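Thanks for coming, everyone. I have one model to walk through today. Let me put it on the screen.

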Amino acid sequence: MDMKVSGMYIARQLSFSGVSFRIEEIGLDSDFKEVYNKAAKLVSVAPLSNVNQIAVPVPFVYSSDELGLVSRKSLWGQFWSSHQRFFKYLCIAAKVRCLVELAKKELETGKVSTTQP
């Protein structure tokens with residue numbers, strides 16, 4: 001607040017007049033589909049290991065005891081939150097190569113390119 005009062009901080013908005021927007025649909029290549037399928041298979045096996053009482057212990061299941069948690073519910077919540085975040089960023093990463101190519105084309109024509117996930 002002191003910076004604003006003394007004139008050292010100015011908040012401005014960008015003007016969107018003359019701006020055009022477009023949505024690009026980027027297809028997934030077979031390499032990414034393989035990575036995605038392997039990641040999905042890995043994640044789907046981890047929780048089932050505890051449910052089916054497989055002899056191989058899953059560190060995730062036993063970490064709640066080490067942390068002294070009364071309930072594993074919060075730990076599972078963290079697990080699924082991380083699960084969703086991982087796959088979201090995995091899908092975003094699949095688009096980066098194509099996105100860079102699109103941005104370079106726009107820059108070559110003298111335009112400015114911005115992106116949003």
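Start with L14: does this residue count as buried or exposed? L14 counts as exposed, because its relative accessibility is 72%. The cut-offs are under 20% relative accessible area for buried, over 50% for exposed, and partly exposed in between, with a 1.4 Å probe and protein chains only.

Some ground rules. This is a predicted model, where local features need pLDDT of at least 70, side-chain atom pairs count only at pLDDT 80 or more, and totals for chains, interfaces and linings use all residues. Residues are numbered from 1 along each chain as its sequence is written, and side-chain values use heavy atoms, leaving out hydrogens and water.

Now the overall layout. The protein chain has 4 helices and 0 strands. Helices here are DSSP runs of H or I, at least four residues, and strands are runs of E, at least two, numbered from the N terminus. Of the 117 residues in the protein chain, 13% are buried.

Back to L14. It sits in the loop between α1 (2–6) and α2 (30–51).

Next, the aromatics. How many aromatic pairs does the structure hold? There are 3. Rings of Phe, Tyr and Trp (its six-membered ring) pair if their centres lie within 6.5 Å; planes under 30 degrees apart are stacked, over 60 edge-to-face, and the rest tilted. Y36 and F87 make an edge-to-face pair, 5.2 Å centre to centre with 65° between the planes. That pair links distant parts of the chain: Y36 is in helix α2, F87 in helix α4 (residues 73–108), 51 residues apart. F87 is buried, at a relative accessible area of 10%. Y36 counts as partly exposed, at 29% relative accessibility. F86 and F87 have ring centres 5.1 Å apart and planes at 80°, so this pair is edge-to-face too. F86 is partly exposed, at 44% relative accessibility. Put together, F32, Y36, F86 and F87 form one aromatic cluster.

Finally, confidence. pLDDT is the predictor's confidence in each residue, from 0 to 100. The protein chain has a mean of 75, and 62% of its residues reach 70 or more. Confidence is highest in α4, at 86, and lowest in helix α3 (residues 59–67), at a mean of 60. Over residues 48–57 the pLDDT is below 50. Beyond near neighbours in sequence, that stretch has 6 contacts in the model, a contact being heavy atoms within 4.5 Å. Where pLDDT is low, the predicted coordinates should not be read in detail.
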